[in-house]
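Have the structure open in your viewer and follow along, one selection at a time. Each stop tells you what to pick next and what you will find there.

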Amino acid sequence: MSDVLLEVRNLKQYFPVKSGFKTVPLKAVDDVSFTVNRGETLGLVGESGCGKTTVGRTILHLYEPTSGEILFDGQPVTSGNIGHMRKQMQMVFQDPYSSLDPRMTVEDIIGEPLDVHHLCKSRKERREKILELMSFVGLNAEHARRYAHEFSGGQRQRIGIARALAVDPKFIVCDEPVSALDVSIQAQVINMFEELQEKLGVAYLFIAHDLLVVHHISDRIAVMYLGKIVEIADADELNERPMHPYTESLLSAVPIPDPDITRSRKRILLEGDVPSPLNMPTGCAFRTRCRFATEQCGKECPALTDRGGGHFVACWNK
Amino acid sequence: MSEQHLLSVQDLHTSFFTDAGEVQAVNGVSFNLDPGEILGIVGESGSGKSVSAYSIMRILADTGRVVGGKILFKGEDLSTWSETQMRSFRGKNCSIIFQDPMTSLNPVFTIGNQMKEAVVLHTDKRGAIADDRVVELLELVGINEPKKRVKQYPFELSGGMRQRVMIAMALACEPDILIADEPTTALDVTIQAQILELIQSLQKKMGMAVILVTHDLGVIADMCDNIVVMYGGRICERGTAHEIFYNPRHEYTKGLLRSIPNVNNMKKKLVPISGTPINMLNLPKGCAFCARCDAAMKICLSTPPEELSINENHRAACWMNVKELYETEEAAQ
């Protein structure tokens, strides 16, 4: 059994967008490749609109990929077998308010994946499994008959996690699972993710924009910019020795909750805004905001290359 | 009378009268603001931080009312001011920028049109001179091609640009106080860094006082001279940034700092604050935080703690400090 659980190869996800009379492709994810090992957490960070959520959704075939391959446990994931595959990969969504059906009780929400995959033989078994899952994520048995609106944001996120865990998945895509929560509640949910990983050995693709949280929870981190991965490295390595100029400025922009550290740091401010993905710059997408941009950056897009120790960077100048 | 502050909020009580009953959103909040100071108000959602700011500006929702306390601006009691006086106060003396720059700009008017309105309302500039002022303000907040931007509508601008327009509008009359209510929460980190840098540089340039309302401890650590920590409509702790971060003396502040990733030791396990935020309809008799506090004692349940001075730059409202004080006194005897 190899260590690699999920392998994404040259994944592309283009959305058709009408622009005047023409339909042009919006390159939400453009040639992305990475792997996730068993029981590992890969953090995926980037600004809004960089395609990180699309990557997560495309892996689960919530969108049909334009091209590229997704291998789960060595087996290709296709629209034909995805129904079966979702027994092993699940998703936790960002918004705990809209991702739960308001007309279903907690019991039915968590029970639905069990029903879909015919995992329980009897009603009694189903009920027991649901209660076990609920206690796993820190919900009381008495909550089973309640509806989603009766819960707070943090509790709803727990329901969403219990639903994802119902099928005993090996891999969960966590799409901004804590960003809608208050700081004091965030820590509760983050700890739960970590405990579940220790107990069940589940791997996460942890998508978030809060870099401190991602650094805390991830083993490795991938940084995305305009549909491409610009850097992947071990979490500590990435934070200590960022190589790509985008990663550098992204990290320097994070306000650190420690007055001495944050005030002694120098911010590398980026000029302007992210270019529109409909009108991408030629060559390296970041060159319009990059301090080091040269002529070559405009001509050709740099590929992700290994700079030693699993530190991959896509930049001509580093 | 002691020295006069630019803004002095004294024992402010603000309530919302809803169908479900009175919600005491702000429950005896006092703080002072001096010229050129950046004051941070930090707390979770529902802690009353925004309501405190809105009470100063008197822009509460219809159901909300200031039910007690005083707000003094340069020594004058704002509650005695008429609505007309308040109108000139807003904008001229005190401006506010909101969290969501999309909903706080009017979508059917151009940027120039909306900004000119503020300039005409509060200054004696008219016509072409007012137009020039608008362009000048846009330049001030670092918007490129300001002449082109004035003709654009809010939907044509990105989130960061819109927030810059909001800041430019708020600065139209060079107010004494700028209230920034979660100014960067809706923005990406790199854009957030730009906006924070802008607020800092403008604050230095114009010497105004800033009240920064946020839930982000990182932003607070970066920006603020003094910090007020709020929970359940009350102030738990106040002090200089240094004191709050390195010497927290309220269990809630300590909990908050433990629940975020530690920069020096990233893999250290987070210690969450147990339980859920309090229900503001049903405030406890004692300390608002006692239901979630691991160190809660009997007295915490029955009596709300008074603020105690830790040192000249630091005050906290926690019974633990009183206990410590007794214990050290006893030990001394």
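Select Ser8(B) and show its side chain: it makes a polar contact with the side chain of Asn32(B) at 2.8 Å. A polar contact here is a pair of N or O atoms within 3.5 Å; within protein, one must be able to donate a hydrogen and the other to accept it, and residues adjacent in sequence count only if both atoms are side-chain atoms. This is a predicted model, in which local features need pLDDT of at least 70 and side-chain atom pairs count only at pLDDT 80 or more, while totals for chains, interfaces and linings use all residues. To find your way, number residues from 1 along each chain as its sequence is written, letter chains from A and number ligands from 1 in the order in which they are written, and note that side-chain values use heavy atoms, with hydrogens and water left out.

Ser8(B) sits in strand S1 (residues 7–18) of chain B; strands (E, at least two residues) and helices (H or I, at least four) are DSSP runs numbered from the N terminus. With 6% relative accessibility, Ser8(B) is buried, meaning under 20% relative accessible area, where over 50% is exposed and in between is partly exposed (1.4 Å probe, protein chains only). Its contacts (heavy atoms within 4.5 Å), beyond residues up to four places away in sequence, include Phe31(B) and Lys70(B).

Next, select residues 159–170 of chain B, which form helix H6. Of its 12 residues, 11 are buried, so H6(B) is largely enclosed by the rest of the structure. Among the buried ones are Met161(B), Arg164(B) and Ile167(B).

Now colour by chain and turn to the interface, where 45 residues of chain B are in contact with 39 of chain A. The rule finds 4 salt bridges across it, each a side-chain nitrogen of Lys or Arg within 4 Å of a carboxyl oxygen of Asp or Glu. Zoom in on Glu194(A) and Lys269(B), whose side chains form a salt bridge at 3.6 Å, N to O. Then highlight helices H7 (189–206), H8 (217–223) and H9 (241–246) of chain B, each supplying at least two residues of the side that touches chain A. H7(B) gives the largest share of that side, 9 residues.

For the last stop, pick Ser99(A), in the loop between strand S6 (89–92) and helix H3 (106–116) of chain A. Is Ser99(A) buried or exposed? At a relative accessible area of 19%, Ser99(A) is buried. Its side chain reaches the backbone oxygen of Asp95(A) at 2.9 Å.

Methods:
Expected span 1.5 Å × (residues − 1).
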